[in-house]
Amino acid sequence: MKANASIYSINGPVVKTKLAVGFQMLEMVYVGHKQLLGEVIGINDIYTTIQVYESTTGLKIGEPIFKSNSPLGATLGPGILTNIFDGIQRPLKEMAEISGMYVSEGRGLNALNETKLWDITLKVKVGDKVLGGDIFATTPETSLIQHRMMVPNHIKGTVSFTIENGSYNINEILIIVTDEYGIQHSLSSVQKWPIRQARPVGKRQIISVPLITGQRVIDTFFPIAKGGAAAVPGGFGAGKTMTQHQLAKWCDADIIVYVGCGERGNEMTQVLEEFSELVDPKSHKPLTDRTVLIANTSNMPVAAREASIYTGITLAEYYRDMGYHVALMADSTSRWAEALREISGRLEEMPAEEGFPAYLPSRISQFYERAGYVENINHTEGSVTIIGAVSPQGADFSEPVTQNTKRFVRAFWALDKSLAYARHFPAINWNISYSEYMDDLRKWYDTNVDRKFVGLRAEMMSILHEETQLMEIVKLIGSDVLPDDQKLILEIARVIRVGYLQQNAFHPEDTFVPFEKQFKMLQLISYLKAQSVRLLSTKRTIRAITATGIFDELIKIKYDVKNNEIEKLDTYYEKIDLALASVK
Amino acid sequence: MSRQYIGLKEIKGPLIILDQVEDVSFEEVVEIELENGSTRFGRVVEIQGQQAVIQVFEGTSGLSKINTKTRLLGHPMEIALSREILGRIFNGGGKPIDGLGEVYAQTKADINGHSLNPVMRKYPRNYINTGISAIDGLNTLIRGQKLPIFSGSGMPHNQLAVQIVKQANIASSENQEFAIVFAAMGVKNDVADFFKRSFEETGVMEKVVMFLNLSNDPIIERILTPRCALTVAEYLAYTCDMHVLVIMTDVTSYCEALREFSSSKEEIPGRKGYPGYLYSDLASLYERAGIVKGKKGSVTQIPILTIPNDDITHPVSDLTGYITEGQIVLDRNLHQTNVYPPIGVLPSLSRLMKDGIGEGYTRADHSSLSTQLFACYAKVQDARALASVIGEEELSLIDRKYMAFGRLFEKYYVGQGFKTNRKIEETLDLGWYLLSLLPIGELDRVSKEFLEEYYNIDLAITHFMALQGGQLDEVLRKR
């Protein structure tokens with residue numbers, strides 16, 4: 001291999017070469033004798049600037065730089081699922097087998113296993129006309145997911161050769177497509193795609209289906225739609241990662257892409273261990289079969305952290321194109337923004353707010369805009385939903401990353417430290433969180449849950465809101481002075497907070513709750529409120545009503561009624577009636 | 001034979017710039033010989049064409065443009081490792097200062113370490129019994145965890161660290177060896193002495209490796225101190241199969257050294273003048289804690305931070321909290337009311353606790369008991385806020401019960417004292433005694449089965465009566 005240039009200067013992950021020509025912007029390059037992976041991020045009349053994705057310790061001036069002539073790309077093909085990659089899609093399991101406990105450097109590992117044989121079924125025959133995006137073959141990638149091989153987007157023509165159905169590795173030529181100029185394109189199971197470029201779609205669809213998560217506070221109060229984007233901001237210890245893990249485990253997407261971006265190594269280990277033990281409730285297959293992990297932990301090179309988010313979203317889009325619903329968890333986007341800041345600082349760019357580069361908002365928007373519910377080019381339907389964690393400095397939501405993220409997502413689940421201190425989990429603060437998807441999803445709720453559902457939700461929200469205002473008074477003078485109808489609001493709000501909003505991720509029944517149970521629980525709370533109000537008007541005291549213990553019984557429904565015996569909830573109406581009838 | 005360069009081009013704070021250098025590599029170590037025969041060491045931090053920027057570990061005082069000879073050593077910063085390193089004392093740059101001579105190196109390792117492959121990590125699950133209730137019961141320390149102590153000037157964080165060293169069963173039961181690596185970064189002489197004396201009193205000195213960079217030592221060495229310490233810790237854990245506890249104090253001084261160094265390099269500052277890469281830099285230290293598949297040892301870290309002005313949102317504590325697996329926060333109010341250890345229970349957290357407690361580890365009720373204690377103690381804070389406005393007398397009965405519960409909780413559960421070493425069962429039982437003082441209806445985080453087994457108000461009253469010499473707050477007896 002011939003070198004195209006040599007190193008002129010080194011400053012951390014930023015390497016410059018002098019008076020080199022022919023480098024393209026965002027081209028992937030190999031730096032030094034070890035061939036460390038890098039990307040061209042700046043070109044001026046003298047210097048070409050390269051960010052290196054690996055540790056530059058030991059690199060010398062004058063070492064060669066090699067061109068690759070293509071932008072930094074993701075390798076797309078069967079074998080992605082169940083795998084764990086670093087930020088630039090190197091397989092960490094295989095790396096561990098070759099180089100032991102530490103992350104190794106340099107070129108040499110392919111993203112996907114090239115020797116494994118896949119059981120391939122062809123979907124086209126000789127003479128068929130194919131367009132970019134068309135599915136030409138399939139293989140069962142895992143027990144849950146069928147991998148669909150698609151014609152790369154720029155190719156169209158007539159199939160002039162196909163292989164027999166059978167077991168092949170990913171590099172085997174499966175079909176040959178001859179285009180209108182007579183050029184033959186040989187297609188195997190893999191294709192490359194530049195990670196910073198969104199994969200094209202046929203048509204964006206209107207958002208209309210929720211991503212069902214089984215988490216009551218999200219499903220009922222602040223839903224996210226398939227194809228939507230949500231942000232989870234919170235200080236340390238507020239439960240961002242827990243929330244992300246819960247969604248990754250239980251949400252009803254077909255595929256989960258979990259990006260650990262600049263976070264703890266042990267968290268990735270936990271995901272690896274837990275997901276292989278957990279079983280998907282619908283198919284009874286291990287959750288790893290629908291999951292791919294991108295792990296670029298905080299001690300791995302910072303430039304690769306910046307790339308990890310894009311690698312993740314590219315993999316997500318690829319599965320969307322096959323017609324799957326994909327959910328991408330990015331934990332945490334703040335670390336990604338900090339990586340941008342760090343590289344920007346090394347390039348001596350003019351900083352904007354808090355040292356972040358001025359292009360921060362545009363980068364954030366580019367990322368979140370890659371979410372969507374679409375009709376693909378091959379006329380299948382798919383979606384990419386993005387759930388990004390944000391780690392604001394000092395838990396202060398006014399900092400640039402949180403503020404800019406807020407502009408580009410439509411669901412905002414603000415995690416609250418004081419709720420976390422009181423071990424109220426998930427610590428989503430119901431006063432400052434919001435979801436703009438509620439209106440889009442209204443029709444879905446009406447037809448799939450119940451027409452009363454949206455109204456019930458509004459009723460509960462207003463009770464919680466009223467409680468917040470009453471608490472202002474209580475904080476000053478105590479609750480004893482409140483009139484009974486206001487005390488009732490506090491009691492009902494307690495039932496909603498403790499019995500409904502709080503959800504125990506470690507409890508086998510409570511960790512995931514189906515919509516039907518959520519709806520019936522809401523109905524019960526509403527019924528209890530209505531009946532208590534009626535009773536108060538007959539001169540009974542709130543003290544006597546709460547003494548029946550019915551409020552506490554309702555709080556414990558979430559544990560007492562199992563998910564597979566939802567009809568038991570109907571017996572609670574009788575219990576409420578009995579309890580209230582006993583009030584003297 | 002490597003080449004020597006005579007003279008310097010520029011001197012700037014702790015940095016020197018060398019011109020016309022050939023064949024220099026990034027992060028390479030250099031040896032600088034002065035005219036008077038003394039030598040200093042430095043590290044290449046930036047290369048531009050033929051100019052190399054070098055940070056001098058021992059500082060640049062006495063250097064001039066002409067009185068030096070600089071030699072490139074051809075490798076990154078390394079430290080000599082062998083089992084005999086146990087019991088030795090080094091300066092921040094890894095040179096022995098106990099007069100016992102150089103360490104005979106069995107192997108050498110780059111102090112920057114390498115990133116651990118997440119696939120090779122083993123998820124930490126075994127708890128370390130520290131004998132301190134507020135930690136064992138509520139914020140359990142797990143082997144392989146990184147759990148910092150957030151403190152402030154004037155608070156007893158050093159005593160707490162020593163108590164943990166004294167009481168903790170760092171090695172697991174299977175006759176395994178343990179070691180303690182102590183890294184002092186910019187601490188006062190007295191503090192270093194206190195630790196040394198305490199290690200000697202406890203009789204663990206031959207298990208300790210000390211790295212001392214005192215507050216008047218050069219700051220560049222301070223940047224190397226934790227890296228040397230962690231390299232030793234990794235060697236002892238992964239090569240010598242030991243369970244290693246690393247105590248690093250004070251991380252705030254480390255960060256300030258980093259800031260000083262960054263500004264002399266004329267880098268663009270981030271929040272409060274700290275460099276933009278402070279998060280990545282701290283992560284490169286903290287993430288070196290853990291357990292690796294196929295290795296018997298482990299590295300557990302207890303970094304200590306003194307937070308300026310007790311402001312937990314300060315960049316140092318903020319970024320630390322985002323990287324570490326929880327934090328033990330010391331509370332100045334508790335300290336002033338003579339509670340030792342003054343662990344502020346509510347803001348403290350152990351993230352790994354949930355998987356290292358419960359049946360098979362501690363006891364089945366541990367998890368729900370601790371959640372319930374947290375929830376009740378949070379209500380104590382609400383009651384106190386209200387009492388400060390309307391007075392305790394005016395509170396409802398239940399709020400007054402919470403007030404009394406809170407006092408006992410702080411006095412006995414948290415404030416156990418420096419000498420008390422509690423077994424995990426004692427800690428858990430004490431938790432139940434406290435909860436039993438509250439009406440059973442208030443306990444909404446524990447299951448019926450546990451309540452039936454452990455909730456016992458009469459036993460609780462007798463217990464606290466005995467502790468307080470027959471006295472007990474009247475309000476706690478009212479049903």
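Because the model is predicted, local features need pLDDT of at least 70, side-chain atom pairs count only at pLDDT 80 or more, and totals for chains, interfaces and linings use all residues. Residues are numbered from 1 along each chain as its sequence is written, chains are lettered from A and ligands numbered from 1 in the order in which they are written, and side-chain values use heavy atoms, with hydrogens and water left out.

Most peptide bonds are trans, and most residues other than glycine have a negative phi.

Begin by selecting Asp331(A) and Ser332(A), which are joined by a cis peptide bond with an omega of about 5°. Ser332(A) sits in the loop between strand E22 (325–331) and helix H6 (333–346) of chain A; here helices (H or I, at least four residues) and strands (E, at least two) are DSSP runs, numbered from the N terminus.

Next, select Thr249(B) and Asp250(B), where a cis peptide bond again has an omega of about 5°. Asp250(B) belongs to the loop between strand E15 (243–249) and helix H5 (251–264) of chain B.

Then move to Glu266(B), in the loop between H5 and helix H6 (278–286) of chain B. Glu266(B) is not a glycine, yet its phi is positive, about 60°, and with a relative accessible area of 59% Glu266(B) is exposed (exposed means over 50% relative accessible area, buried under 20%, partly exposed in between, with a 1.4 Å probe and protein chains only).

Finally, select Gln20(B), in the loop between strand E3 (15–18) and strand E4 (28–34) of chain B. Gln20(B), also other than glycine, has a positive phi near 55°, and Gln20(B) counts as exposed because its relative accessibility is 51%.
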